[in-house]
Amino acid sequence: MKNFQFSIFSFQIIAAVCIMLTVACSVERSDNGKLDGLWQMYSIDTLSTGRTTDMRHSQLAWAFQGDMMEVRDVTYFICDYFFTFRFTGDSLLLTNPCLLDRERGDVVVTDVRELQPFGINALEERFKVIMLTDDRLVLRSDSITVNLRKY
């Protein structure tokens, strides 16, 4: 009889673990595909002038996961901003920019000039996805093209 009770108890534990793993995995699931991950700004092309700015040495990075995007200076860990975003495959909409401030809490960004070093020129910025591969991302707004490579 003890073996039978042990078997039922074991089955219940295994079933509970399987359910928890299924729920945990579904919570973290993302439909972003190749977009998820850490991207380094490689260059910015200004559409009005045709000028390209080399950004390889700036160490500015964009990171995507779930519905959150973060931009930061990887070298100095300053200017850490995050956004909510919507990715549809051919477009990327960035909204609700906030400065991550551990002392004051998340501070809503109201001056777009804070975001311009990262290639973001509007508090609600829409990009057309020109290219998205395993290691390259090219985004175009009304005024610039941002070229990124995956870390």
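The chain exposes about 9,800 Å², of which carbon and sulfur atoms supply 57%; accessible areas come from the Shrake-Rupley method with a 1.4 Å probe, and for residues only the protein chains shown count as cover. The model is predicted: local features need pLDDT of at least 70 and side-chain atom pairs count only at pLDDT 80 or more, whereas totals for chains, interfaces and linings use all residues. Residues are numbered from 1 along each chain as its sequence is written, and side-chain values use heavy atoms, with hydrogens and water left out.

The chain contains 1 helix and 10 strands, where helices (H or I, at least four residues) and strands (E, at least two) are DSSP runs numbered from the N terminus. Along the sequence, these elements follow the pattern α-β-β-β-β-β-β-β-β-β-β. Of the 151 residues, 32% count as buried; buried denotes under 20% relative accessible area, exposed over 50%, and partly exposed the range in between (1.4 Å probe, protein chains only). Among contacts (heavy atoms within 4.5 Å) with a separation of 6 or more, 46% involve residues 24 or more positions apart.

The structure holds 4 aromatic pairs. Rings of Phe, Tyr and Trp (its six-membered ring) pair if their centres lie within 6.5 Å; planes under 30 degrees apart count as stacked, over 60 as edge-to-face and the rest as tilted. The ring centres of Trp62 and Phe64 lie 6.3 Å apart with their planes at 55°, so this pair is tilted. Trp62 is buried, at a relative accessible area of 0%, and Phe64 is likewise buried, at 3%. In the pair formed by Tyr81 and Phe118, the centres are 6.0 Å apart and the planes stand at 70°, so the arrangement is edge-to-face. This pair links distant parts of the chain, since Tyr81 belongs to strand S5 (residues 78-87) and Phe118 to the loop between strand S7 (107-108) and strand S8 (125-132), 37 residues apart. Both partners are buried, Tyr81 with 4% relative accessibility and Phe118 with 2%. Ring pairs also join Trp62, Phe64, Phe85 and Phe127 into a cluster.

The loop between S7 and S8 also holds Ile120, which is buried at 0% relative accessibility. With residues up to four places away in sequence not counted, Ile120 touches Trp62, Met69, Val71, Phe83, Leu94, Val112, Leu115 and Glu125. Ile120 and Ser141 are separated by 21 residues in sequence and by 8.8 Å in space, C-alpha to C-alpha.
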